[in-house]
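Reader: I would like to discuss the packing in this structure. May I put several questions to you in turn?

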Amino acid sequence: MDKPLTQNIHPDHDFTSLADYQKTGGYRGMRKALTELQPHEVTQQIKDSGLRGRGGAGFSTGLKWSLVPKKTSDLPDFQQTRYFVANADEMEPGAFKDRLLLEQDPHQLIEGIIIGAYAIQANIAYIFMRGEYRLAAKRVTYALQEARAQGYLGEHILGSDFNLEIYLHTSAGRYICGEETALLNALEGKRSTPRARPPHAVASGLWGRPTVVNNVETLCNVGHIIHYGIDWYHSLGLGADHGTKLFGVSGRVKHPGLWELPMGTPIREIVEEYAGGMLDGYQLRGFLPGGASTDFLLPEHLDVRMDYDVVAEAGSRLGTGTLIILDDKTCPVKMVLNMEQFFAQESCGWCTPCRDGLPWTVTLLQDIIAGQGRMEDLDTLAGLTRMLGPGHTFCALAPGAMEPLQSALKFFREDFERYIVGNNDELEYA
Amino acid sequence: MKQTAEKSTSEDLTALEIQEINAIINHYEDHTSVAIEALNIVQKHRRWISDSTLKAVADFLQISLAHLESVATFDNLIYRQPVGNTVIHYCNSVTCWMLGSEQIREHLCQRLHVEPGETSADGQYTILPIVCLGACDRAPAALVGDELKIDLNTDAIDEILKR
């Protein structure tokens, strides 16, 4: 069992029914949790497993669950009800991992949600899904009906005292909805702007009640951890982090795709072996290791392992674990412009640095590319990477947007300068 | 007077729309929370959300029109202007951009004689950009109606428009 997340996903069949899922051991983790373990024991096991959030931030999943106040009779009324939310709002440019899990093995997610909701004693859970994922919504809806018919949802699940309903919420879009607190506002039918923290969602989330929000891929790990145990989970990772992860590669490589590999797999192995290396006629110039809001790394970083802390030491972030390749025929300045246009458009406008700083960034980059830039513009851009950086905004959108820019200014400065001094005709970019 | 004026511009939700909204309204603690899904439901039947439709939804949910408008104009997939039978959302995020989404956009616009945001003269297609569709390994991609289309090129676009 070295590929638990994708064991049921095969190219020749595209949907895992309840029966298929149970054939490979599905829902045994749920059974064990609900019939043999106390909620706090479930939380402790997930904490001890070392599972970290696969949505990009890498926060300890078990720790997050443990921060929800224990359900005791002396808790105030508003904290007696709590909610569990699966974040299926995948929209990070370059990320295409959660869609596969949602479309092809939705019961794996449902099992994770049931276990998570049991751990924090939530009786209602939501799957918050982006509106564009039409096929995923259809498959998840079908799987929820199967689970309900089987008695895995509803009252007294497996004869226990635990009741749970899971509702699918289909969103109408915006990248910001994937941000934890903006997602909660969206679920409440409000404009999806982030909330100031503290309080954190685990204390005061949906309608002011304790709420856990976990990424889809994160939750898909949960059933396996409870069923196979912590030692097994630890044995899967190659480095400090545990378990497996879906790693992807997109761009001009021979075989773009998605593979479940151990945490700690070297980037070189993912790019050269699994993705087959660069297309003929193209050289590797750099890459974003985990989506558009991560810093560029260079070919010299190919031996970096895909572990949270190792990628961070190299100067970037593991993020979503889906790499975007920059080849030598693509202009890095234009590539950064494309990403900044995305972030400027998707900014919710709630706080000033992001609302004003991102369009300013876009304008400067457009001017530079149009041959109207000045050298001082590079200093202004560098200044923006600080002003829009961590600590100045409500959420991580703007700091994320600055990561590819700040690293491009560092690694590809000559490309920016060539536009400014006016000999960009020499460039052979497409 | 004001009340009459408002009434004359309001339209009612259909029985089916009301039934579909009522089926999910209890999933949430309050009526405001069902706003986005109610808009999705109504838009599915009417293709877009006119001012009078927006008012009908707000009235039905007993929430403020201004609040509903603030949500409707915020979200990418709520159309506040008429759209064609099929909306083609071409992805313009980074990997699709690298692998040809600008050519996809140009070809679509040229074939349909429109600019992004416009609807073809026969009312068949509306062309809109969209952010990353999560199909980067098969870029460029587009959402055509409810269907994800991948590995796009100009031939594939011609094939889609032929139907």
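Reader: Which residues is A:Val85 in contact with, leaving aside its neighbours within four places in sequence?

Author: The model is a predicted one. A:Val85 is among the residues that touch the most other members of the largest nonpolar core, which has 180 residues. Its contacts beyond four places in sequence are A:Ala125, A:Tyr126, A:Phe128, A:Leu183, A:Leu206, A:Thr211, A:Val212 and A:Val213.

Reader: Which helix gives the largest share of this core?

Author: Among the residues of the core that touch the most other members are A:Ala86, A:Ile113, A:Ala125 and B:Leu39. The largest share amounts to nine residues, and its source is helix H6 (residues 106-120) of chain A.

Reader: Which element gives the most to the side of chain A that touches chain B?

Author: Chain A brings 42 residues to the contact and chain B brings 34 residues. On the side of chain A, the elements that each supply at least two residues include helix H7 (134-149), strand S3 (165-170) and helix H13 (332-346). By class, this side has 18 nonpolar, 14 polar and 10 charged residues. With five residues, the element that gives the most is H13(A).

Reader: Are H14(A) and H16(A) roughly parallel or roughly antiparallel to each other?

Author: The axes of helix H14 (residues 352-369) of chain A and helix H16 (residues 397-411) of chain A come within 10 Å and cross at roughly 25°. Angles under 35 degrees count as roughly parallel. The two helices, H14(A) and H16(A), are therefore roughly parallel.

Reader: How many charged residues does the contact of H14(A) with H16(A) have?

Author: H14(A) contributes residues including A:Pro353 and A:Leu358, while those from H16(A) include A:Ala401 and A:Leu405. By class, the contact has seven nonpolar and two polar residues, and the number of charged residues is none.

Definitions and conventions
Residues numbered from 1 in each chain as written. Chains lettered and ligands numbered in written order. Predicted model: local features only at pLDDT ≥ 70, side-chain atom pairs only at ≥ 80, totals over all residues. Core = buried A, V, L, I, M, F, W, Y, C linked by C-beta atoms within 7 Å. Buried ≥ 20, exposed ≤ 12 C-beta atoms within 10 Å, placed from the backbone. Helix = DSSP H or I, 4+ residues; strand = E, 2+ residues; numbered from the N terminus. Contact = placed C-beta atoms within 7 Å. Nonpolar A, V, L, I, M, F, W, Y, C, P; charged D, E, K, R; others polar. Axes fitted to C-alpha atoms, helices over the stretch in contact; angles between N-to-C directions. Parallel < 35°, antiparallel > 145°, perpendicular 65-115°, else oblique.
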